[in-house]
Every structure is written in structure tokens, then in C-alpha cells.
Amino acid sequence: MSQEHTNGNSNSDSQSRSSTATVVVGSLTAVKVPVPDSDIHLAGILQSTGHSTRRLGIICHGVLGHKNYLFQPTLANTLAPYMDTFRFDFRGNGESEGQMGYSNWEDDQADLDAVISHFEGQGYYIYALIGHSRGAISCLNYAATSNHVPLIPYVVSLSSRFHMADVKRKHGPDTMALLEKQGHFDWHARAAGKQVTLRVTQQHFDDFLNFDTAAVAHIPSMTSILLVHGSDDIVVPVKDICEIQTHLSHARTAVRIITGADHNYKRHYNVVSETVAHYFTAQGRKEEWSRRILPNWKAWVHAVGGVLNFRTVGDIWIPSSEDGTVSYLRPGVIYRCADISKPTPEGIKVLEALNITDVFDLRSNSETERRGTFESDKIKRHHTPVFSEVDYSPAQIAVRFTMYMGGTEGFAKAYMSMLPNIQQFLPPILKHIVEKRTPFIVHCTADAF
């Protein structure tokens, strides 16, 4: 996990923000999203540049906010080169139908689910959930509890709260005394340019306090998370982001502290937008990879004691010759190595620190009997041999070794010889990727490869 401080000149940021806001990157389309099993429609804006990848980032506002609140248009504009975005009003906010609530967390989840389902139906790939304040809490909670398939690869949390009881400080002792005395208080605020009054009952308040922010610990370990906070945030103290980071120690988490920024990033709209956008650039992803794992691939080869040729398969851009789309194979998900039957105790610690949960052993029965196998309390072994037993006859092994000695073309032929057996060893691996979604190892020795 990383923590960086990002400085920005407030005056120059304010000036550049005014010019940036006048130039929209791509097209803006107003969209009404129906919420299933209700009469509610959610209002939002789709900002699109026609990305062939069909990646979509969903931007969620904070309490009493709306789709054009604060820095959200600037953020959508800055993200436009990397993904399309949809920013919307939660129910009862902005132009969306329904009733605004103080602690209606289930409604937030239903709204997010409706938006995600709608755009998946339009052929979009939900690439990132990006939320501010209360919207950040809802995004993190959705990633932790929805069990969404396919996995949503990125979550960006801006100014998220962890200690829910600290909201008492926000409302003040007089309001708390009033709540205790009469069982409710009226929260007067300005939202979307108009005055609103929200009655908060004791039950509403208790539901807010009891919301389980620690559930972030259940976010899949393959999810990449960016936590952003302003150093001068007095609404949600910086210490909250430290607590969230601690609970996300299992995941791919990075932290950015924006120096001088408050809870709403006033005078820092460009800085916060560019901080988030850089995270999604190819350079940003490479920086995260370099920081999070090891500085170069050569170090991987001997990273796990007792295991040779250990390395990740990833950080690869894969272009499609059919439709021109480009896919990215993330590092830190799939690992490969040679014989893993005898890792050292230190090597096992490295495997567990990388959150590896499963090993797919491609070797034959005879080879596993001869060399042994590895499995631990935290790492499960699956035997998925590439070749049938008949393919391990001395004659067949000699044929494959001849191929290996034939240079690049020989190796290509050897690998192609595996394809007829793909249905017997690949399905368990694909099932793991789709259903379990945790880092894993595929390993072999020369007998298989």
C-alpha cells in the first residue's frame, strides 16, 4: 500500500478549473435509469468519447449532493481519455425521483445496482466505482457485499468516513440533546440550489451509526482501491482513511493525501481530478505495480524460497485484431512457476503475503508421485494435468523435448500440442477466475511444458 501527498496551487487550480469546465471532452447524454420493482427513475449524465473498450466509471455524489456537484464534472472530463463515465443523482437528490433519506443505505445499494445493470445491458463493462463522502461509503460497501460478477476491478474512495459515530460532532451537542429529548431533529440544509429539510428520527440516526464500514475487509483481494483524502478535512478526519486502509490490507490499496484540500476539495478540483485520472493511466498502473510488488521481474524469479522461475503473468496490453479493442491483463492475479513441491517456510510466507489462495498443478500423476506436492492451510492445490497418462510415455516425452530444443519455433509447436487437451485442464482455472477471483499459481515442470 502507498501513501503520497499531492500538492496543488489553489489559485492556479481555480483559474484552470474555470477554463477546463467550458470544454467538454466527448459527448454528454442525459439518461433516466429505472430502478427495478419501483416507480423511481434516476437522473444522470453519460459522458462518452466512444471508447472501443466500453469501460465505464460510475461517479457517486455525497450527502445532499447531485450529479454536477463540486468537482464531479471536472473529474468526468479528466477521466474521459481513459473511460466513459456516468454521474447520477441518488434517489430524492437532484433530478432523481424518490425520497431522500438520512440512513437509507439499502436504497443507495439498490440505486447503484440499477445503474450497473442498466449499463451492462447497454454493453458496458463496469470498470470503476468512484464515490465522494457518503457516495464513497456506498461504493466501498457495494464492492464488499454485492458479489458482482464480473469483478469490478477498481474502486476510488474520496473522503470516505469510517468512524460513523463521529457524525455526532458534525451535528453538535445541541442537536444531539434535541434528538435525545424528542426522538428526532430536523436537518436544514441547502441542496441543488434549494433549501431542504430532512427529519431524522432516532431510528434513522442509530441506523447511520451502526452501518458496518468494516465490511470493506470483504472486498475481493483482486480489486484495486484508491483512497483519496484532503489533509485539511474537518468533516471526516484524515485518521478515517488510515482505518480504512488497515481493513483493506488484503487488497491492492493505494492512498493519496491532497495537501491543503478540505472535505469537498474546494480550490483543488483539478488536483483531485488529475490525481484520480493519473491512477488509471498506463503509467499510473505501472507505478502501482512497481510500488506494490517488486521493482523488476528478475527479482521475481527468486522471490519465493524453494521455488524456481516464479513470476507474475500480467502488465500486458492485448489488442484485438477483430474490433480494435485493447484489453489489459492485470499483474498480481496470475502467477506461474516451476516445481512448487518444496517451498521453504520463508517462501510460503511470500506466497501468503501475495494473497495466493490456489495452485493449479499441471503435472502428470507419475511426476507428482515422484517429486511430491504442496498444499497449506491457506493455499489449496488442484491437480489439473495437461496431458493424459499415455502422453507421458518415454517416446512422447522425447518428442516434446525435441521440440523444446528447436528454439522459438520448437517451443511454439510444443505449446500448440497442448491445445487438444485444453478442455481437461483449462475449465477449472477459468472457473476460479470467474467465481473465486483470488490470485493463483499455475505451475509445471519440463515434463509438462
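## Cores, sheets and a helix crossing

Modeller: In this predicted model, Phe119 touches Val31, Val33, Leu46, Leu56, Phe86, Tyr124 and Ile126, leaving aside residues up to four places away in sequence.

Biologist: What makes these count as touches of Phe119?

Modeller: Contact means heavy atoms within 4.5 Å. Phe119 has such contacts with Val31, Leu46 and Phe86, among others.

Biologist: Which residues have the most contacts inside the largest nonpolar core?

Modeller: They are Ile58, Phe86, Phe119 and Leu129. That core has 37 residues.

Biologist: Why is the crossing of H2 and H9 called right-handed?

Modeller: The axes of helix H2 (residues 72–79) and helix H9 (residues 269–280) cross at roughly 35°, and they come within 9 Å. The crossing is right-handed, which means that the near helix is turned clockwise from the far one.

Biologist: Which residues make the contact?

Modeller: H2 gives Thr74, Leu75, Thr78 and Leu79. H9 gives Tyr269, Asn270, Ser273, Glu274, Val276, Ala277 and Phe280. By class, six are nonpolar, four polar and one charged.

Biologist: What makes Glu274 of H9 the charged one?

Modeller: Asp, Glu, Lys and Arg count as charged. The contact has one charged residue, and Glu274 is in it, so Glu274 is that residue.

Biologist: How do you know that E8 and E9 pair?

Modeller: Pairing takes at least two bridges. Eight bridges join strand E8 (residues 184–191) to strand E9 (residues 194–201), so they pair. The two run antiparallel. Asp186 stands opposite Arg199 in E9. The hairpin has two residues between the strands, and Ala192 takes a positive phi near 55°.

Biologist: Why are E12 and E17 called edge strands?

Modeller: The open sheet of five strands has the order E12-E15-E18-E16-E17, with mixed pairing. Strand E12 (311–313) and strand E17 (380–383) each pair on one side only. The twist averages 30° from one strand to the next.

Biologist: What makes E16 a partner of E17?

Modeller: Four bridges join strand E16 (residues 358–361) to E17, and at least two are needed, so they pair. They run parallel. Asp361 has His383 in E17 as its bridge partner. Helix H17 (residues 427–436) packs on the sheet, touching E16 and strand E18 (440–443). The direction of H17 makes about 165° with that of E16.

Conventions. Residues numbered from 1 in each chain as written. Predicted model: local features only at pLDDT ≥ 70, side-chain atom pairs only at ≥ 80, totals over all residues. Heavy atoms only, no water. Axes fitted to C-alpha atoms, helices over the stretch in contact; angles between N-to-C directions. Core = buried A, V, L, I, M, F, W, Y, C linked by side-chain atoms within 4.5 Å. Buried < 20%, exposed > 50% of the residue type's maximum accessible area, 1.4 Å probe, protein only.
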